[in-house]
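Student: I have a model open and would like to go through it with you. Could we begin with the term that matters for side chains inside the protein?
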Amino acid sequence: MGGRETVIEGIGASPGIAIGRAYLIDRSRVAVPQRQMARGDISREVARFRRAVDRSKAQLQRVRRQTARGGAKELVHILDTNLMLLEDAFLGDETIRLIRQEGMNAEWALATVLQRFERALATARDSYLRERKADVRYIGERVLRNLVGHAQASIAEIRDQVIIVAHDLAPSDTALMHRGNVLGFVTDIGSQTSHTAIMARALEIPAVVGLERVTREVRSGDLLIVDGTEGKLLIRPRKPTVAEYLEKKERYEILTRELLKYIPLPAETKDGFRVRLAANVELPAEISSVIEHGAEGIGLYRTEYLYMNRRTLPTEEEHFEVYRQIVEGVAPHPATIRTMDIGGDKFLSPVGVAKEINPALGLRAIRFCLREVGIFKAQLRGLLRASVHGNLRIMFPMISGVSELRQARAILEEVKGELLREGHPFDKHTRVGIMIEIPSAAVIADILAREVDFFSIGTNDLIQYALAIDRVNEHVHYLYEPLHPAILRIIRQVVEAGRRAGIEVAMCGEMAGDPLYLPVLLGLGFDELSMNAVSVPVVKGIIRSMTYREARTLAEEILGLPTAAEIEAAVRERVSRLLTPGLQHLIGWKKR
Ligand code: PEP
Ligand code: MG
């Protein structure tokens with residue numbers, strides 16, 4: 001390996017360039033050494049165990065202090081639970097007993113106790129106790145690492161500005177990132193539509209995913225260049241390469257700043273056709289970004305993040321508070337809030353979704369809500385109560401057919417009745433729509449359109465289900481083709497079904513914010529396109545560079561072409577003539 005410059009290619013998940021030192025997050029489990037202790041060494045071994053527990057406590061207390069300063073209450077609560085477990089008599093006393101009586105070394109004794117503890121928790125009747133299994137494993141790993149001398153990295157502990165290198169990152173990891181501590185990140189696995197990638201774009205952190213072997217190639221402290229626009233990682237770059245990339249970074253930043261001129265302008269073609277550009281949001285803190293980037297409301301608020309990094313379910317009051325902030329924050333523009341979409345690649349702790357062999361096709365999203373009506377109702381009550389504070393639209397995810405929709409609507413009606421009886425005000429005309437992301441829903445879009453106020457096409461899942469490709473699997477990423485003729489036909493059919501029924505049709509999948517697909521979507525006649533707020537200015541720039549007539553002709557022509565590659569070539573050929581070189585550079589038009 002040595003110090004040679006190496007370039008590896010992956011999938012550009014979030015554009016921009018980051019230059020900095022690597023910080024390896026090692027999520028692998030610690031190998032446990034097993035030694036039989038000599039009698040005379042036993043008290044030293046017990047003392048070594050106690051020191052490792054004390055060190056672990058000190059580390060957790062430090063993270064807790066930092067987290068408390070950042071205001072993440074739920075995370076503080078988790079850390080308190082972890083600290084309590086470290087003080088648990090069973091864990092400490094039983095480990096010391098095994099060292100003393102069985103002559104086991106500290107790592108072996110602790111690993112044995114942890115296994116028993118985890119087994120006991122796994123069979124607990126109480127779901128709260130079952131959930132503690134992950135905590136026990138987490139703190140056990142921490143003490144083990146302190147015993148064997150490997151520190152455990154956690155994003156919350158990072159103080160310098162670094163580039164994170166990990167095998168994979170959970171959405172709960174990305175939720176802890178901000179531009180103050182993370183310059184960029186790279187992972188072995190993942191794809192453009194994994195939630196980690198979506199979060200990276202929202203936070204404007206350059207990222208490359210699907211690099212396959214990056215955790216083996218990079219050591220902590222190595223100098224790295226992340227080129228999120230081109231999907232490249234440069235390891236231990238030479239001086240001239242760093243100079244070249246510093247220049248590229250500056251150019252990227254200048255061009256990005258230039259785009260700011262589009263922010264106050266309408267998203268309108270040269271011949272006067274207007275589209276509503278809305279934002280996809282996951283955290284209330286992003287609302288300022290929605291306004292700052294010139295989006296006209298929220299096209300998709302993903303409520304899953306409300307359920308993350310915590311041990312208890314959000315209460316109705318918490319739901320209400322968050323939704324009120326969102327609805328008020330973007331009023332008079334619409335705020336489309338999606339009911340929880342857990343499962344798939346979005347596992348959440350307090351909800352206790354069972355591990356399924358095929359989670360993408362499992363008990364997720366609306367299916368879960370229709371089963372756990374109490375959890376669903378708390379969210380719907382919070383939503384309806386927030387409706388009087390602005391322009392709320394409620395959206396159900398993963399609807400596969402009419403009966404599911406009717407069941408969800410019936411529960412919503414029940415909740416309205418309850419609120420009415422209790423004297424809580426709500427907007428009786430709150431619009432209700434659905435995500436079209438399952439092929440069965442797309443096929444019967446004309447029937448569904450009679451029973452809802454709007455559609456929003458979720459291409460992330462629609463493509464996954466229609467083309468049978470796991471959206472987070474980098475090995476089949478090459479088949480993930482938004483311009484596949486089948487996908488374009490499905491989209492056209494849904495838009496037309498919506499238009500015939502006189503309802504609004506939006507798109508909120510990642511495809512909507514990708515400049516490459518934009519001219520086609522414009523030509524298909526969407527009412528709203530919803531994307532990461534940071535993409536809004538560049539998308540406006542493109543819309544303002546062309547006419548609706550051109551877009552319509554392009555959409556009609558490409559719908560007759562047989563492959564995604566031919567369609568892409570046609571789009572590129574047509575559009576590259578319309579865009580300025582600056583816009584073309586920003587969207588990585590030449591290289592994909
Ligand atoms: C989608 O599936 O396109 C979508 C927008 O929802 P999510 O990415 O949250 O599954
Ligand atoms: Mg989806």
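Tutor: A residue counts as buried when its relative accessible area is under 20%, and as exposed when that value is over 50%. Please keep in mind that this is a predicted model.

Student: Is R393 buried or exposed, then?
Tutor: R393 is buried, because its relative accessible area is 2%, which is under the 20% limit. The residue belongs to strand β12, residues 391–396.

Student: Which side chain makes a polar contact with that of R393?
Tutor: The side chain of E504 does, and the contact is 3.2 Å.

Student: Let us turn to the ligand. Which residues come nearest to ligand 1?
Tutor: There are 15 residues around ligand 1, and R302, R338, G458, N460 and R471 come nearest.

Student: How much of the accessible area of ligand 1 does the protein cover?
Tutor: The protein covers 100% of the 290 Å² that ligand 1 has on its own. The space that ligand 1 takes is the largest cavity.

Student: Which elements give two or more residues to the shell?
Tutor: These are β10 (298–302) and α17 (459–467). The largest share, three residues, comes from α17.

Student: Changing topic: where does Y307 lie?
Tutor: Y307 is in the loop between β10 and α11 (316–330). Y307 counts as buried because its relative accessibility is 1%. Its C-alpha atom is 8.9 Å from that of I342, a residue 35 positions away along the chain.

Student: What about backbone geometry: which peptide bond is cis?
Tutor: The bond from A331 to P332 is cis, with omega near 5°. P332 is located in the loop between α11 and β11 (334–338).

Student: What is the phi of A468, and is A468 buried or exposed?
Tutor: A468 has a positive phi of about 55°, although it is not a glycine. A468 is exposed, because its relative accessible area is 70%. Its place is in the loop between α17 and α18 (485–501).

Methods: Residues are numbered from 1 along each chain as its sequence is written. Chains are lettered from A and ligands numbered from 1 in the order in which they are written. This is a predicted model: local features need pLDDT of at least 70, side-chain atom pairs count only at pLDDT 80 or more; totals for chains, interfaces and linings use all residues. Side-chain values use heavy atoms; hydrogens and water are left out. A residue is near a molecule or strand if one of its heavy atoms lies within 4 Å of it. Accessible areas come from the Shrake-Rupley method with a 1.4 Å probe; for residues, only the protein chains shown count as cover. On a 1 Å grid over the protein atoms alone, a cavity is a set of points where a 1.4 Å probe fits but cannot get out, and a pocket is an open set with protein on both sides within 12 Å along at least five of seven lines; lining residues have an atom within 4 Å of a point. A molecule sits in a cavity or pocket if more than half of its atoms lie within 2 Å of its grid points. Helices (H or I, at least four residues) and strands (E, at least two) are DSSP runs, numbered from the N terminus. Buried means under 20% relative accessible area, exposed over 50%, partly exposed in between (1.4 Å probe, protein chains only). A polar contact is a pair of N or O atoms within 3.5 Å; within protein, one must be able to donate a hydrogen and the other to accept it, and residues adjacent in sequence count only if both atoms are side-chain atoms.
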